[in-house]
Each structure stands twice: as structure tokens, then as C-alpha cells.
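Trainee: Hi! Could you walk me through this one?
Mentor: Happy to, let's take a look together.
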Amino acid sequence: MLFRLTYRAVRLFLRLYFRFTVTGASHIPPGAALIMANHPSAIDPLILAAALPRRGRFIAAAEFLDMPVVGWAMRAYGVIPVRRGQVDLSVIKDAARALEAGALVVIFPEGRVSPMGGAVKAGAGVLAARAGVPTVPAALLGTARALPLGCYIPRPVKVRVVFGPPLP
């Protein structure tokens, strides 16, 4: 219910403030899929959630669950928490269950904000290999300028999300 209440309002705000656009959303299949995106800014989860045609289950760092407002929102949206720096097989199991139920599961394979790109964590590949669902690549463009590392107030620059064709 929270998703339905906030989805349109957030999308409208993003369109007005960032001239937010989405390309290739038709590549996202109607059933289960794994969405893999780059992660150049802390604002990426909000941007990507608004770009998806339906609710996505994000894999996110468990430490954010302890933050007052952010943690509440993450729980309300059904985040799958991961303990960074540890081998956490429960994440793979939780994500697999969500995919079996037909969900979109979203992962940032770099495992953290990486404005210039970074090494991909092995867990993303393990999940893609075991999931048995299409993997849809997503590119977030402009978010590193919209909210650079160390900034807390977003800048009104153009932000785009581009989805590529699904990979088997």
C-alpha cells in the first residue's frame, strides 16, 4: 500500500526536479526478473525504484536499517538486507524466494556507491546464475552529478534510467 501511495508522487517530483526519464522499461518482463544496475550515487535506489514499472525488492546494506527514517522506508518496501563484508547466503535464499514468487529483485553488483565504477561483487553473479530468471541491465545516468558523494542536497540536473534487453 505504501508503494502505491508514494510511487506516483515520487515519479512526479523526479520528473519536475531532475527532468527524470526512463528508456527501455518494456525490456522488463511481466514475471520474475533480476535487475542489475550501476550505483554512482546514494540517490540511485530512489531513482531506480521510480523507474521500475512495478515494485522491486532491493538488496541493500543491512546497516541502513538502523537509520530512523531510511530504515523504516526500507522495511516498508521489503528490502532484502545484506551484511557487507561477509558471505551472506541468506541473501541468495531470500532473493531466490522473492524471484520464485514472481518479484523483481534489484541489485547493485558493485555493492556500494561507485561514481567511477568499481569491481563487481561475486554475490551478484552467483544470484544471476542460480536465479534462472532473465537479468535486465540498467544504467543510471546523471545521478553522480545530481547527488555527488559528500553532498546531502540534490542538484537539479537531468537524470535518466536506461534498461537494456534481458539476458537469459
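Trainee: Is Phe18 buried or exposed?
Mentor: Phe18 is buried, because its relative accessibility is 1%, under the 20% cut-off. Keep in mind that this is a predicted model.
Trainee: Okay, how many aromatic pairs does a search of the whole structure find?
Mentor: The search finds three aromatic pairs. One of them is Phe13 with Tyr17, a stacked pair with 5.4 Å centre to centre and 15° between the planes.
Trainee: Where do Phe13 and Tyr17 sit in helix α1?
Mentor: They are four residues apart in helix α1 (residues 2-18), so about one helical turn separates Phe13 from Tyr17. Phe13 is partly exposed too, with 46% relative accessibility.
Trainee: Which residues do the ring pairs link into a cluster?
Mentor: Phe13, Tyr17 and Phe18 are linked into a cluster by ring pairs.
Trainee: New topic, charges! Which residues form a positive surface patch?
Mentor: Arg19, Arg145, Lys158 and Arg160 form a positive surface patch.
Trainee: Where does Lys158 lie?
Mentor: Lys158 is in the loop that runs between α6 (143-146) and β7 (160-163).
Trainee: Why does Lys158 count as partly exposed?
Mentor: Because the relative accessible area of Lys158 is 36%, and partly exposed covers values between the buried cut-off of under 20% and the exposed cut-off of over 50%.
Trainee: Great, thanks!

How values were computed:
Residues numbered from 1 in each chain as written. Predicted model: local features only at pLDDT ≥ 70, side-chain atom pairs only at ≥ 80, totals over all residues. Heavy atoms only, no water. Patch = residues over 30% accessible without salt bridge, like charges linked within 9 Å, V, L, I, M, F, W, Y side chains within 5 Å. Areas by Shrake-Rupley, 256 points an atom, 1.4 Å probe, with all protein chains shown as cover. Salt bridge = Lys/Arg side-chain N within 4 Å of Asp/Glu carboxyl O. Lys, Arg positive; Asp, Glu negative; His and termini not counted. Charge placed at Lys NZ, Arg CZ, Asp CG, Glu CD. Helix = DSSP H or I, 4+ residues; strand = E, 2+ residues; numbered from the N terminus. Buried < 20%, exposed > 50% of the residue type's maximum accessible area, 1.4 Å probe, protein only. Phe/Tyr/Trp six-rings, centres within 6.5 Å; stacked < 30°, edge-to-face > 60°.
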